[in-house]
Amino acid sequence: MIMKRAAAVLVPALLAAGCTSAVGAVTADASAGSGDGAAGGGDGAHASGPLNFIFILSDDQRADTLQCMPKLRQRTLTRGLEFDRSYATTSLCCPSRTSILTGQYAHNHGVLNNGGEVDDEQFGGAGLFRALGNEEETFAKWLKAEGYRTGFFGKFLNGYAEIAGTTGPAYVPPYWDVWMSPLDTEHIFYYFILVEKLLGESDAERVCYLPKNDFNGDQRERCRNRSDRVLDDGRDNYSETIVAEKAADFIRQAASDGVPFYAHIAFKAPHSPYISSPKYQPDPTRYQYTAAALSVLEECPLWEWNDRPSTYLDDNQTSVSKQPLWIRGRQEAYAAGKLDESMSAGKLREKRQGQLASLLAIDDEIDQLFALLEETGLSENTVVIFTGDNGYAWGEHYWDAKNCSLETCSRVPLVAFHPSRTSHTVSPWLSANIDHAPTIMDLAGVSFPTTAVVNGLSYRAALEGTGEPPERDAILLECNSGSYQRPKGGPDYHSAVVSADQWKYVEHFRDPELTDVRERPDGEKDVDLYDLSRDPHEALNLSHLSSDRLIGLGYDPADVDAKRGELKARLSSLEAE
Ligand SMILES: [Ca+2]
């Protein structure tokens, strides 16, 4: 059974853990923001009045792929604040998205997986989110209470269709004035049903969007049969374009009405099945791209990926015996030819290139949103944040998905724009999905209730250019949904800590409750220690190397032991936050 920790229990625990400066700053004292959008000592001027927010989320986008979105890249180089080390505290859709909306680690919000059980009842991620009370803990609630107009566009949480219902008005989570979210959270690029709640309406209807290019007749009927209304208007009706259009309508209306707004835009790209817009991929059933797409994509080093890390499949030609058991298991299955065809070099390439091509589609949509802000004058008082919900492996460490503690799974792109910014900054600050809620609240000048649990930190000062982000030595990465036990293996249940000084310590567990650390054949515990500054691709697990080997690599074995002990202790304290 999945339990959510009660806030009343947690707040004293946080204080006891010595985290008063960090957590207190964003729970009780977030009112430090004046609410007038003052730029402080920022490097540019912007209009007075409350700030608006556009939060843009991609799905399954690796951190390094930001370089393959040329339009967003150009805007970033002009005035973006880029966080080089941003992590999804849980590298999976529902836990990460819930962390974004609440500012809490998964062990606090309780959405540990894309579904789960409460009181012996099984829920999808959206149902679990609701059953655990998270609808009442999103920052949208507090923004709305302070006069913000809130709009949600795009993917919510897996299993949304289950709570939306099939008859009568579709269910819409509270505190969203406008709601435009696909009923089915998977495979929505075409033939999607958008649950639409318009401004001022209390009920939502299910609208089926049919594509001009009718490439799948079965889907057509399925879409029709499950909707209240069908839109067969001869347009392409590619989901990412429609979602962006709905958001643009919301933004224009809010500007016209003179109300501050928060727009949450959650694209599906570059998630499977990796479908780009018709401009770049005319036939959604084939991974073939137009000359317009290729002329851009071939400029990106990830398209051919000639400098891929040595951890990719058997590129390193070295033993993985010191790596965690799950990677050893995957390597053995790969060597024995037991992994799916999805792990073949050809399929991995197809997936990688499919992701990159679909990113071009949302790059266009994001660029148009920026253009809209400029046309309407809203760029003078609107903050834009772009990030992803989790990273993704492309064959490194014999893995081709998410939900692992490795950098490739857990790091996400993050770039933010504040009206007062006039230059590009790359910040090495350790940032995470839990930071957006406190940052947006801080910038809006809205306080969390004193009973709220907020694990994240506000990066407002860095974004405004008025100061450094708050001090942070480490963040927690946690995963209660492993796939080690599956026939072809996969990442284990794990808990990890990544530190500001670029070390990572990981514990791999037998159980989803994270209590029983797995044992290796030699009797040692299955834990990892990586020195990320020297070994950014985590090829060398220092935890199981002999003293001679460590000395040969230039490490003092006593220092390595001490670092492991320090991070193990920090892991425990983070788990108690
Ligand atoms: Ca995802």
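## Contacts of L72

L72 touches D363, I366, D367 and F386, leaving aside residues up to four places away in sequence; contact here means that the C-beta atoms, placed from the backbone, lie within 7 Å. The model is a predicted one, in which local features need pLDDT of at least 70, side-chain atom pairs count only at pLDDT 80 or more, and totals for chains, interfaces and linings use all residues. Residue numbers start from 1 along each chain as its sequence is written.

L72 sits in helix α3 (residues 70-79). Helices (H or I, at least four residues) and strands (E, at least two) are DSSP runs, numbered from the N terminus. L72 counts as buried because 24 other C-beta atoms lie within 10 Å; the cut-offs are 20 or more such atoms for buried, 12 or fewer for exposed, and partly exposed in between, with C-beta atoms placed from the backbone. For a sense of scale, 35 Å separates the C-alpha atoms of L72 and S227, which are 155 residues apart along the chain.

## Strand β11, covered on both faces

F386, one of the contacts of L72, belongs to a buried face of β11 along with T382, V384 and G388.

Strands pair if DSSP finds at least two bridges between them. β11 pairs with β1 (residues 52-58) in the parallel sense over seven bridges, and with β12 (residues 414-417) in the antiparallel sense over four. T387 has L57 opposite it, and T387 also stands opposite L414 in β12.

Conventions
Contact = placed C-beta atoms within 7 Å.
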